[in-house]
Amino acid sequence: MTPRHRRRLVFVSLILLGVGAAAALTLNAFRGNMVFFYGPSQLATVEKAHERNLRLGGLVEQGSVKREDDGLTVHFMVTDNVKSVPVVYKGILPDLFREGQGVVAQGRLNNEGVFMADEVLAKHDENYMPPEVAEALKQAGGQTPQFSGTLMQGGLNK
Amino acid sequence: MIAEIGHFALIIALGVALVQTILPLAGAARGLPSWMAVARPAARAQFVFLLVAFACLTQAFAVNDFSLLYVASNSNSAMPWYYRVTAVWGAHEGSLLLWAFTLSGWMVAVSFFSRSLPQDFVARVLGVMGFISVGFLLFMLLTSNPFERLLPAAVEGRELNPLLQDFGLIAHPPMLYMGYVGFSVAFSFAIAALLGGKLDAAWARWSRPWTTVAWMFLTVGIALGSWWAYYELGWGGWWFWDPVENASFMPWLMGTALIHSLAVTEKRGGFKSWTVLLAILAFSLSLLGTFLVRSGVLTSVHAFATDPERGLFILLFLGVVVGISLALYAWRAPRVGLGGDFALVSREAMLLGNNVLLAVASASVLLGTLYPLIVDALGLGKISVGPPYFNSIFIPLMTPVIFLMGVGPIARWKQASVPELVVRLRWALAVSVVTALLLPVVLGKWSPMISLGLFMALWIITSSLKNLWDVAGRNGLSGLTRGLAAIPRGYYGMLFAHLGVAAFALGVCISGGYSQEKEQRMEPGQSVEMSGYTFRFDGVHDVTGPNYQAKEGVVNVSRNGKEIVVMRPQKRVYLVQRNPTTEADIDAGFLRHLYVALGEPVSGEAWSLRLYYKPFVQWIWMGPLMMFFGGLLAASDRRYRLATRRAPHYAAQPALARG
């Protein structure tokens, strides 16, 4: 092996080492930060659901939105017309949050079965529903209107 | 009638693009000068026809021609003229036209600024660009024709998505496209080099300014998008790791690696295959970005098309372009050669480190963006990968990149000595470490992340200053002016762009660490204190805009009893689409932003409000602006102009390629 070859070898090993470390880092971060999406009916079948962050999607049940006196804490039910899950969120809701419309909440299920949302996403126009929500509704046997449009973000990283 | 002219111009442009692809490429392969000579006039003709098409569509928007489906779906006569005209690229079809038009603009630029290049090379470059143009024009004509008629004509248009009725729409897409499409030039240069089998320092010198200019536009385009999201979405966030943002960020990371790799290829004749690969990848990621954004596989404000046929077409085109170029690369790259040798500690090695890290960063963004789509397509469930994933990857990856940013420019080519580097940088290191540790204590809140961020920013600044001093200050203070004047512009460009990264890092770090926010229910007359400012809510009244109704809140901000500004955040409802949007009001200062957004009416006169105090947040966008100007300095360096003048001798020069 000439010195030039040896140097090349060291280079290649260093790069491989670096890329390997980065890949390990990436995959690790990936495993820890994947968030699964469930509809209310699916959520009931998930084991140990309260142990991790997840997304819950469905319709905001008619007449279920209640505000606490502080004006910021909101209680509502997310439903797929078969099952419903109570949700609590503290913060300003996105512009397009409305009863009877599609919504996606991200957060955790507590031990009492209440979903503590730290982020709420709402649909973006009159005839839109997040595709995940539409599918969850379909699976649960509810009705699904025609959808197209945009998902808007609300309450980030609180 | 005018719409038909536009449609017809598109069809002719497609014909011209076909000619521009076939004749020059075949001519270059067979050595026929008359065939190769077609490239330049064809590129210019294509530009003219696309200009006509673009003008026709713009005219249709300007005069509210609702007999065009695209105009009727995205405009409305109540919209102000500047939003009507920019609504041209407010949705899928028109933004494709903008893409094709921008591409033809780059082609014309190549046709004019390539007089010094060998004819076969120009023919190949323009031929490859013509091929890309064929793909996009076909796509437009077959699946997304902006000139499609709506019969009978609509009386009134559906209006543009209210979020897009903003200055951001005017500036963000053209800039971004200039960048995306600009990488097609670097890509075509790379493919032409593979086809011709010749890749030398002169090649790198031609490619460099083009790549830098494309990168500049992409930088500003991304920054504009981020700024737009910051003030328009009303959440005070500036980057969401949304798949659509990632789609523009991946080519940026790859392009950044490319401009650094090109530096080695030009100066040392090294990294040749790698440079070519990066050029291919940067443009492939731009195409992938277009696919992700335009195919409707993603849900976001940018995803216009939900037609599976369209997605399939772009995916197919993407497959053809990436497949052919990678196959060509595998076949021809060995002929291009590897270039000069260098030691483990040398500027080349550090640039290689930077390249590998940037490429890995780009790959991990790709993974986080595509994996949920793949899992979904395979029916394995629905997942999302949020900001925590990207943050936990970017901090460890970017820390060494920034460290190298300080050392690399000071290290010698070929072989550098560690003790010498230590001696030259010890003060820079000491100053930045001590300041990074102490400053947060002075500011009242210390955390390891804040110190790390400050260190990175300060390290870039101090090492750049040291670098400048070493280059210009050899003769002491008295010779400094002369020393500074002797430094080539490209070098200043590099320093300036690196300082832009420092400004960006400072912005991210300080605004991330010291921002204050309050979500609060407020009665009229009620005040809230935050970061030394008093925010007094003075109630809400009605306002009527040209095409919207709004509730406007009045928030009086004072400090130590002195009024500073009256802020007027709005909640708008647009007349046609009836969707509420939040218009935050921002008092933008150099050192801090005050940010107020209306929430919702709570009870009686009370509203919920969102208030932010964000120190240094402006620097997040000033950084990219500095990078833009750094790029401008570098691209206008004297040696590229000299190269242009000297280049007729090129053919006589022996190629530097080895292997």
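**Exercise 1.** In this predicted model, find which residue just after H15(B) takes a positive phi.

*Solution.* Go to the end of helix H15 of chain B, which covers residues 418–443. Step just past H15(B) to Gly444(B). The phi of Gly444(B) is about 100°.

**Exercise 2.** Check the span of H15(B) against its number of residues.

*Solution.* H15(B) has 26 residues. At 1.5 Å a residue, taken times one less than the number of residues, the helix should span 38 Å. The end C-alpha atoms of H15(B) are 35 Å apart, which agrees.

**Exercise 3.** Locate the kink in H15(B), then list the buried residues of this helix.

*Solution.* The kink is centred on Leu425(B) and amounts to about 50°. Leu425(B) is also one of the buried residues. Now look at what covers them: helix H14 (387–407) and helix H16 (448–472) of chain B are included.

**Exercise 4.** Describe how H1(B) and H3(B) pack.

*Solution.* Take helix H1 (residues 2–30) and helix H3 (residues 39–62) of chain B. Their axes lie 8 Å apart, at an angle of about 160°. An angle over 145 degrees counts as roughly antiparallel, so H1(B) is roughly antiparallel to H3(B). Their crossing is left-handed.

**Exercise 5.** Describe how H3(B) crosses H7(B), and name residues in the contact.

*Solution.* Helix H7 of chain B covers residues 119–143. The axes of H3(B) and H7(B) come within 9 Å and cross at roughly 35°. This crossing is left-handed. H3(B) contributes residues including Ala39(B), Arg40(B) and Gln46(B). From H7(B) come, among them, Val122(B), Leu126(B) and Ser133(B).

Note on methods. Residues are numbered from 1 along each chain as its sequence is written. Chains are lettered from A and ligands numbered from 1 in the order in which they are written. This is a predicted model: local features need pLDDT of at least 70, side-chain atom pairs count only at pLDDT 80 or more; totals for chains, interfaces and linings use all residues. Helices (H or I, at least four residues) and strands (E, at least two) are DSSP runs, numbered from the N terminus. The bend at a residue is the angle between axes fitted to the seven residues ending there and the seven starting there. A residue is buried if 20 or more other C-beta atoms lie within 10 Å of its own, exposed if 12 or fewer, and partly exposed in between; C-beta atoms are placed from the backbone. Two residues are in contact if their C-beta atoms, placed from the backbone, lie within 7 Å. Axes are lines fitted to C-alpha atoms, for helices over the stretch in contact, and angles run from 0 to 180 degrees between N-to-C directions. Angles under 35 degrees count as roughly parallel, over 145 as roughly antiparallel, 65 to 115 as roughly perpendicular and the rest as oblique. A crossing is left-handed if the near helix is turned anticlockwise from the far one by less than a right angle, and right-handed if clockwise.
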